[in-house]
Amino acid sequence: MLLFRNIKSIQRSFVRIPRILLSGNAAQRSYSKVASEERELERLFDDSIYWKNLSANQKSDDSKSTGLFKNPYLASTEGLRQFSRDSLQKAHGLVDILRNSESETEKLSYIMNLDRLSDTLCRVIDLCEFLRSTHPDQEFVETAQACHEEMFEFMNVLNTDVILCNKLKAVLEDTNITSKLSDEERKVGEILLDDFEKSGIYMKAGIRDKFIDLSQQISVVGQDFINNTDFVAKDIIKIKCEELDKSGMSKLIINGLNRDITGKYYKIPAYGYAPIQILRSCPDEDIRKVIWTALHNCPSSQTMRLNQLIKLRTVLSKLLGRQSYSEYQLDNKMAGSPENVNNFINTLMNVTKPLAAKELEFIARDKLNAPDTRKMSDLEILSLVRPWDKNFFTYKYGTENEEALLRDEQLRSFFTLGNVINGLSDLFNSIYGIRLQPAAAQPGETWSPDVRRLDVISEKEGIIGVIYCDLFERAGKISNPAHFTVCCSRQIYPNENDLSTIQIGQNSDGSTFQLPVISLVCNFSPVLLPNSKRVCLLHISEIETLFHEMGHAMHSMLGRTRLQNISGTRCATDFVELPSILMEHFARDIRVLEKISKHYESREAAPKALLKEYLQKTKFLQHCETYSQAKMAMLDQKLHGTFDVADIEKIDCVTIYQNLEKELQVLVDDESNWCGRFGHLFGYGATYYSYLFDRAIAAKVWNSLFKEDPYSRTGGEKFKESVLKWGGLRNPWSCIAEVFEKPELSKGGAEAMAYIGEADDL
């Protein structure tokens, strides 16, 4: 991460006292309160009439409007501009204090003031990143973009401030000072000094200016790239009528297609259900290939944006004396170097590739009409099976056919959104001792009428954070699920008097802290039930998504450090996905699914047989999926690898992508320019391997702590105490070493990476 910016992130067992053991009326009151909260949590998301009446009552009870997230500035776009201007003014004031820190007292508070400066900037940058991605009002989006660019540019200037850097270095080299600092202050100081040095702080002034300019360009081009990943190259795919008519596809599907003005071509939209129907049901491979490629192609303008992004990052890395952008990004990550990352990916690929080939053998045999007695090599299988074959043959052999889809729909009826949220609260209460409590949002506190506020309540400390749930589909909303840290946890700084723009919590010792504020954004679609109510019924894949994003939220809630630079998800990029991916294991555990299921009408739990069938189906082509993730991670490394500056204008990301696909072989795509739709190339530049890496760690953590009992408080306490509570304070390898009780892992390096590479079932 850069200075002042996070890119987006047991030693004892505690046994919960069963409610039945509480005495007399206390037990009744406790059960009644919890049952009431659980019912309200369900109704909050499942009963639209209840929500509508609740919202109306809130407005009538308090007509006074507050700003977004209870920040009074954020009641209007002009207020957002003013918040940004005032924050910038505060930042300038803190910079003056830092530059003039000479006395011992001033030096002792130097790192604290740097963290305060960081918090001042991040409060605006993180807020604007959220608003420009999510707010339904275009004026808010445009204002947020302008404020983000202004603040981001100022941050990049600070990243190259020699005076600030030299004073920080002097503080860290003065043992008289460091002996009086806390572990957190020393850690934050070391992180910030490393960030200064990564920003080329010791370069000549002109080169520093170039760094600032390049960083700004990368931010702008990258955001533009992200904003255009959803667009296909052509909205209409044309297939000759005679070819589709002769393809052997169902006439019922063909009759539902429109022809062009000449009558010679069918017009197939590159969105919706129609192209998926053809991919599933058309026996003609050439037609499937055309459809699949069109669905994965993006406009040439988008691949030009990607080329420009890679060129800018290459120039930046050379400016900083690095061989590649990957080298620049990885020197403070768990992996440590591009070589370690590539070794990890290659090791995983070598294990997974033959398993993926075995999974695809049934398709190859069908295409060749080969008998079971004929042996087929992996190379033959992989050369025959292409990505446009997958939908057709999986549908043909029953994993995606009408009967299977009908059973999936039947399973959905047991998982209303309210049931699942309530189930998450119960799970968190069991393993961490915290629960989700419905809270009334004030008028103006949220950005859309369908956003719900949940307070996160600790059994020992009361409220420890706030989650705003924007979970229902809405026109113009981002399509991909996301977790935004709008405001992270930290202590209240000395002499911090104006607390009007933050929400406050209280520690067990009576001290106050800034509550972490999180927004979870999904796009779940309500359905109309036979009883005329509209409710969100979730597929298990959507449950996994919600569990994943809640994993990030819990990291933010429980990673409560005193300083914001290391709070919650502000940790190593290749460690930040561990808590969220671990939550996916809970979402795939039959014991958890049984417990959180409740039929929307009968209130019965989901049949175990139906759950078992679904979970077994999710293992279908699982090694192909893992290999696909490995391919994306390798593409990320290739694009951010070593390029000769003299050849920088020759960089062609599409050619690199297609050549890599041919080299890696499994489900080869040498036809589309899909790399232009791979949005993580910006946000996770050179670190996309983190998903696979953290999947491997999460599998080991699950097997170690929760496999026997997913509701284990012992396992939850150990994970919380070893991993979650540290945020970015502790070396991630030390966290992992403690979880697995393997002290030798604490040093990291190639051997530790190899241990993680010996992946359990991902």
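In which sense, right-handed or left-handed, does H21 pass H22? The first legend below has the answer.

This is a predicted model, in which local features need pLDDT of at least 70, side-chain atom pairs count only at pLDDT 80 or more, and totals for chains, interfaces and linings use all residues. Residues are numbered from 1 along each chain as its sequence is written, and side-chain values use heavy atoms, with hydrogens and water left out.

**View 1. Helices H21 and H22 pack against each other.**
Helices (H or I, at least four residues) and strands (E, at least two) are DSSP runs, numbered from the N terminus. Here helix H21 (residues 417–432) meets helix H22 (residues 540–558) at an angle of about 40°, and their axes are 11 Å apart. Axes are lines fitted to C-alpha atoms, for helices over the stretch in contact, and angles run from 0 to 180 degrees between N-to-C directions. H21 is therefore oblique to H22; angles under 35 degrees count as roughly parallel, over 145 as roughly antiparallel, 65 to 115 as roughly perpendicular and the rest as oblique. As for the opening question, H21 passes H22 in a right-handed crossing. A crossing is left-handed if the near helix is turned anticlockwise from the far one by less than a right angle, and right-handed if clockwise. Look for Leu 417, Val 420, Ile 421, Leu 424, Leu 427, Phe 428 and Tyr 432 on the H21 side, which meet Ile 543, Leu 546, Phe 547, Met 550, Met 554 and Leu 558 of H22. Sorted by class, this contact has 13 nonpolar, no polar and no charged residues. Ala, Val, Leu, Ile, Met, Phe, Trp, Tyr, Cys and Pro count as nonpolar, Asp, Glu, Lys and Arg as charged, and the others, Gly among them, as polar. Contact means heavy atoms within 4.5 Å.

**View 2. Helices H5 and H9 cross in a left-handed way.**
The axes of H5 and helix H9 (residues 183–198) come within 9 Å and cross at roughly 65°. From H5, the residues Ile 111, Met 112, Leu 114 and Asp 115 meet Glu 185, Val 188, Gly 189 and Leu 192 of H9. This contact has 5 nonpolar, 1 polar and 2 charged residues by class.

**View 3. Five strands form an open sheet with mixed pairing.**
Reading across the sheet, the order is E4-E5-E6-E11-E7. At the edges are strand E4 (434–439) and strand E7 (482–487), each pairing on one side only. Neighbouring strands are turned by 30° against each other on average, direction ignored. Two strands pair if DSSP finds at least two bridges between them. E4 and strand E5 (residues 452–458) are antiparallel and share 6 bridges, and Leu 436 stands opposite Val 456 in E5. E6 and E11 pair in the parallel sense, also over 6 bridges, with Cys 469 bridged to Leu 520 of E11. E7 runs antiparallel to E11 and is joined to it by 5 bridges; here Cys 487 has Val 517 of E11 as its bridge partner.

E11 is mostly covered, with 7 of its 8 residues buried. Buried means under 20% relative accessible area, exposed over 50%, and partly exposed in between (1.4 Å probe, protein chains only).

Ala 441 and Arg 452 are 11 residues apart in sequence and 7.5 Å apart in space, C-alpha to C-alpha.

**View 4. Thr 143 is a buried residue of helix H6.**
Helix H6 spans residues 138–158. Thr 143 has a relative accessible area of 4%. Leaving aside its neighbours within four places in sequence, Thr 143 is in contact with Thr 77, Leu 80 and Arg 81.
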